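Please examine the sequence and the three-dimensional model shown here before reading on.

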Amino acid sequence: MSLDSIRIVIVEDHTLTRMGLLGVLEEQDNIEVVGEAATGRDGLKLLQKTQPDVAIVDIGLPDLDGIELVQQFKQGQSEEAKAKTKILILTMHHQDVEVLAAFAAGADSYCVKDAELEQLIEAVNTTAEGHSWIDPAIASIVLKQVRQTPNVSEQSTSEVVTIQGLDPEQVKLLQTYPLTERELEVLELIVGGHSNTAIAESLFLSIGTVKTHVRNILSKLCACDRTEAAVRALRSGLVK
């Protein structure tokens, strides 16, 4: 493994699924699986001990579900540690309550178990880079919540819904460095829940070019990740 390999921990109770993930991830040159666990409590201890770059956590774990695991892990971390370890929720469940609860607990990304291999690898890499990755199958859940919540939410169902539109300084910055026509096209697809691969195919661009556009969009919108960019685009009226 190279010195900059992504260190991964897998917390999954289903043995075949866990071993399948292990096999797939270890085939990647830039990924190193540093631990695995089959229960929530063992997973929590493993995360605390190894402090991986990305933890792949199933929601339906015995003794301590994935959402509670994420909450306890995040609560016990310093701000520096929180920034280091990213959480990728991997599950068969994509009901509204579970999706929003996972993000409220502090999950960074969300991928369903029947995703294509390329999507899983993209989710891991995107999450490791510090950006949220939302499976296209469930992106509509988060964005629907945003569309239904025009003001600051007083609920704690999701951190995502509390993101505001652009403040005056950000508006001024965006006026100085406006989004290009191509960036707006990419932004619309991000809001639609499309992955980088899907955006590249839709707009006939290379993955590298799409990533460059995404970085520029995040910078111009002063957004930390794709989810925040999508929310700000909706709140500010850039995308309807």
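In helix α10, which spans residues 196–203, the residues N196, I199, A200 and L203 are buried. They lie on the same side of α10, because the arc they cover around the axis is only 100 degrees; this arc is taken from the directions that run from the helix axis to the C-beta atoms. As a general rule, an α-helix has 3.6 residues a turn, so residues three or four places apart point the same way. After α10 comes F204, whose phi is positive, near 60 degrees.

The model is predicted: local features need pLDDT of at least 70, side-chain atom pairs count only at pLDDT 80 or more, and totals for chains, interfaces and linings use all residues. Residues are numbered from 1 along each chain as its sequence is written, and side-chain values use heavy atoms, with hydrogens and water left out. Buried denotes under 20% relative accessible area, exposed over 50%, and partly exposed the range in between (1.4 Å probe, protein chains only). Helices (H or I, at least four residues) and strands (E, at least two) are DSSP runs numbered from the N terminus.

The protein has twelve helices and five strands. Of its 240 residues, 51% are buried. Among contacts with a separation of 6 or more, 64% are made by residues 24 or more positions apart, a contact being heavy atoms within 4.5 Å.

Helix α10 also takes part in the second largest pocket: α6 (117–128), α10 and α11 (207–220) each supply at least two residues of its lining. The largest share, four residues, comes from α11. Among the lining residues are E122, H131, N196, T197, K211 and R226. The volume of this pocket is about 230 Å³.

Charged side chains form a further theme. A search of the whole structure finds seven salt bridges, each being a side-chain nitrogen of Lys or Arg within 4 Å of a carboxyl oxygen of Asp or Glu. One of them joins R18 to E36, with the closest N and O atoms 2.9 Å apart. Since R18 lies in helix α1 (residues 15–26) and E36 in strand β2 (residues 31–37), the pair ties together parts that are 18 residues apart in sequence. R18 counts as buried at 11% relative accessibility, whereas E36 is partly exposed at 36%.

D53 and K84 form another salt bridge, their closest N and O atoms being 3.3 Å apart. D53 is in the loop between α2 (40–50) and β3 (54–57) and K84 is in helix α4 (residues 79–84), so this pair links parts 31 residues apart in sequence. D53 is buried, with a relative accessible area of 19%, and K84 is partly exposed, with 37%. Within helix α9 (residues 181–191), R182 and E185 are three residues apart and thus separated by about one helical turn; their side chains meet in a salt bridge of 2.8 Å, N to O.

Leaving aside neighbours within four places in sequence, K86 is in contact with D53, V54, A55, D108, T127 and G130.

Conventions. 1 Å grid on protein atoms, 1.4 Å probe; cavity = no way out; pocket = protein on both sides within 12 Å on 5 of 7 lines; lining within 4 Å. Points joined across faces, edges and corners; volume = space filled by probe spheres on them.
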